Amino acid sequence: MKRILILGADGYLGWASTVALHQDGHKLTIVDNYSKRKYMKELNRDPLVTLPKLKTRLTSINKTRHKINIYDKDCTNYVELKAIIKKHKPEVIIHFAELPSAPFSMLNNIYGWKTLQNNIQSTFNVAHIIKEINPDCHIIKLGTMGEYGTPNIDIEEGWLKVNHNGRNDKFLYPRQASSLYHTSKIMDTDLLWFYTRMNNLRVTDLMQGPVYGLCVNSANEKPMESTFTYDDIFGTVLNRFIVQAVAGIPLTVYGSGNQIRGYINIADTIDCIRLTLANTPHSGKLNIYNQFTQQFSVNELAKLVKVSLNEIGINTKITKISNPRIEKEKHYYNAKHTNINKIGLKPTLLDSEVIIDIAKYVLKHKSKINKKIINPKVKWK
Ligand code: USQ
């Protein structure tokens, strides 16, 4: 069992990880400054269910096993973050404390800079503090498959071997993002690789595809429930499509719908965190995992939602709307993702049952769906 510091514990993945790792018996300290909630409010976006803040959500959990320490602090504040790390001496830091949305980062110069500033500064703080205090602490950082973009060659897991003029070397796989958010994640990776090779840190970078699904324990929904967003700025595509179908709105396929990405169920995200916790990198090593389980085009996802929800009497229409983003719509996509399977991931595959399960949760909260926050308002051009 480990002493773990979770940064960004109020989010979709942060909260799910907090509950799961607490159940596994780890000793947790969690931090969040609720900045995503603040920006959602500023932009008149709400999640499907507005959950209480961490302290309230932890009331029942904190009566059992180890008590979880909670801090309402900003990870871009070096001094405050350092004090927490000094006090709790984590063996592992899981860093989710980043602004996670591509459309948010492309809305205007203010949110673009906020995304860059928050994400780079929090990552810098984690790496620099760990270098100063305890280089043996394992840093697990959520990266994104979007760092690689859509190159016309296979996407390797983090690294590319290059033979140039008869000589060989290995470099970070080329990165070319198509939003400022994804660019901030590239900068994170560069910072962590810098500290890993210069200061012998131990870092795991999880290059995750868009996540879907629920973190709801059906036996006792309350403590497990994670924030579930479906709006045009903070929602990811599959969760959005399911909410749109339940609300009777045609699914918003952007452009031709041939964009391919690698997707992952939130339950598998949590398992990946558990597996990487058990596989600490050697000192001076950056382990990179491409964290997704299946590739789909947007059209395939829309069709799967339509066919699956038809089984429970929901009749769904699909529309193609002008793509608000600048992204390749027809492209080669073959991303390797074997490293995480090698250390033990048993993938949860996307099928009708999974989609219907998510839809049942959404149906319970159907009256809360705000139809005004579905159509994309942020344009890249
Ligand atoms: N899309 C639609 N219709 C929609 C929403 C999205 O066609 O209503 C399309 C987008 O144009 C894109 C694809 O679906 O081609 C995925 O979009 P997304 O909004 O689900 O995901 P994205 O903006 O790429 O970012 C999300 C998360 C981010 C994570 C990333 C992984 O917000 O935190 O890093 O997924 S990846 O996409 O592999 O970069």
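**Cysteines**

I count a disulfide as a pair of cysteine sulfur atoms within 2.5 Å. By this rule I find zero disulfides. Cys 215 is in no disulfide either, since the nearest cysteine sulfur, that of Cys 272, is 14 Å away.

Are these cysteines buried or exposed? Cys 137 is buried, at 1% relative accessible area, and Cys 215 counts as buried at 8%. Here buried means under 20% relative accessible area, exposed over 50% and partly exposed in between, with a 1.4 Å probe and protein chains only.

**What I am working from**

The model is predicted, so local features need pLDDT of at least 70 and side-chain atom pairs count only at pLDDT 80 or more, while totals for chains, interfaces and linings use all residues. Residues are numbered from 1 along each chain as its sequence is written, and side-chain values use heavy atoms, with hydrogens and water left out.

**Ligand**

Next I noted distances from oxygen atoms of the ligand. An N or O atom in the side chain of Arg 325 is 2.8 Å from a ligand oxygen. For a polar backbone atom of Tyr 254 the distance is 2.9 Å, and for an N or O atom in the side chain of Arg 240 it is 3.0 Å. On its own the ligand has 720 Å² of accessible area, and the protein covers 93% of this (Shrake-Rupley method, 1.4 Å probe).

**Arg 175**

Which residues does Arg 175 touch? Leaving out residues up to four places away in sequence, Arg 175 touches Glu 147, Tyr 148, Gly 158, Ile 186, Thr 189, Met 207 and Ile 288 (contact: heavy atoms within 4.5 Å). The side chains of Arg 175 and Glu 147 are joined by a polar contact of 3.1 Å. A polar contact is a pair of N or O atoms within 3.5 Å; within protein, one must be able to donate a hydrogen and the other to accept it, and residues adjacent in sequence count only if both atoms are side-chain atoms. Arg 175 is buried, at 17% relative accessible area.
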